[in-house]
Amino acid sequence: MDKFQKIVDFIKEQYPQKEFISLHEPVFIGNERKYVLDAIDSTFVSSVGAYVNRFEDMMAEITGAKYAIAIVNGTNALHLGLLLANVQRDDEVISQALTFIATANAISYIGAKPVFIDVDRDTLGMSPLALTTFLETNAELRADGTYNKKTGKRIAACVPMHTFGLPCKIDEIALICERWKINLVEDAAESLGSFYKGKHTGVYGKVGVFSFNGNKTVTCGGGGALVTDDESIAKRAKHLTTQAKVAHKWEFVHDEIGYNYRMPNLNAALACAQLEQLTKFVENKRALATKYIEFFKGLAVTFITEPIDAKSNYWLNAVLLNDLTQRNEFLAYTNERGVMTRPVWELMNRLPMFEDCQTDDLTNSIFIADRLVNIPSGFRV
Ligand SMILES: Cc1ncc(COP(=O)(O)O)c(C=O)c1O
């Protein structure tokens, strides 16, 4: 407990002006008010407006993707990304057991079935070795794609996730997907501002998606983005997010089933002001991570650092306790003393709606789920 008290004291020192220290909260210290008021004054508060276009330009520039499309939230961006990657009902989609529920939910919206494989301990993201092992054991590459030999279903896509902003080994995963003719959809919801081998996360696959939820590094209340280098995908994304309306000055004609998935201009105004501060936010968060690294060295608690070849935004910092019992003691101790900490998500295959999904060896996922705790990571003013 002495060790836990030292941790509580250290975290409180980082946020001296706070009584209760949350895991992550937004800060609005730039042009947020100005842009939101401007959007209101313009009367363009809904899904058309200058800020939506500006947001898309900014996202393309930040990520290095050719195109960025503003979406109403990250979950819907994933749903759309999977549709654009040609995932269809009864297909299978490989993802990781250790992820946020939205990844698996989006796959299910289409009527496809997730398959959950293991993560790496250093990245907390999809393991390229686990992906290769799963495919070599279970899959068959045919002329029209890869099929699961056990279920007979097509494996249409693979969705790795950059957990807590730590980039996974996405270049290796991209190569494996290419070899097996599986479309890669990157769930980069948590990794805005994170790079792998000099490239921004989210741009390695056919499409990548980001979230701007209130708990993220950059927020606009609720929002998402889809990035791609493929012009036809970008055009189709815009079309599908705007109810598949055929462009015309006054006629209302829609040529397929579309979605009301476009980010409103009001949210985009907030997003633009926040994106202007992305570098500052990430630097602030990385400075905190550096302090944590030094501190935890002295305590012999494993603080999870950015993997080799990666630059992480350190969205949510994480430590590993010795075992499940110690993890639970630590969660109780910190939360009772005004320091918010949280365990990682329950593994997807343990949730009732995904219990029947195919899984592979999940040793690392189980190890992490038993030990990992997120600690306060927000911007320090
Ligand atoms: C990994 C992951 N995927 C998807 C999402 C969904 O994003 P949103 O909350 O914007 O719908 C989130 C975050 O909320 C996330 O953490």
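1. How many nonpolar, polar and charged residues are in the shell around the ligand? The shell has 4 nonpolar, 6 polar and 3 charged residues, where Ala, Val, Leu, Ile, Met, Phe, Trp, Tyr, Cys and Pro count as nonpolar, Asp, Glu, Lys and Arg as charged, and the others, Gly among them, as polar.

2. This is a predicted model, in which local features need pLDDT of at least 70 and side-chain atom pairs count only at pLDDT 80 or more, whereas totals for chains, interfaces and linings use all residues. Residues are numbered from 1 along each chain as its sequence is written, and side-chain values use heavy atoms, with hydrogens and water left out.

3. The ligand is surrounded by 13 residues, the closest being Gly74, Thr75, Glu190, Ser211 and Lys216; a residue is near a molecule if one of its heavy atoms lies within 4 Å of it.

4. Taken alone the ligand exposes 380 Å², of which the protein buries 93% (areas by the Shrake-Rupley method with a 1.4 Å probe).

5. Elsewhere, an open sheet of 3 strands has the order 9-8-13 with antiparallel pairing (strands are DSSP runs of E, at least two residues, numbered from the N terminus; two strands pair if DSSP finds at least two bridges between them). Its edge strands, each pairing on one side only, are strand 9 (199-200) and strand 13 (310-311).

Key. Helix = DSSP H or I, 4+ residues; strand = E, 2+ residues; numbered from the N terminus.
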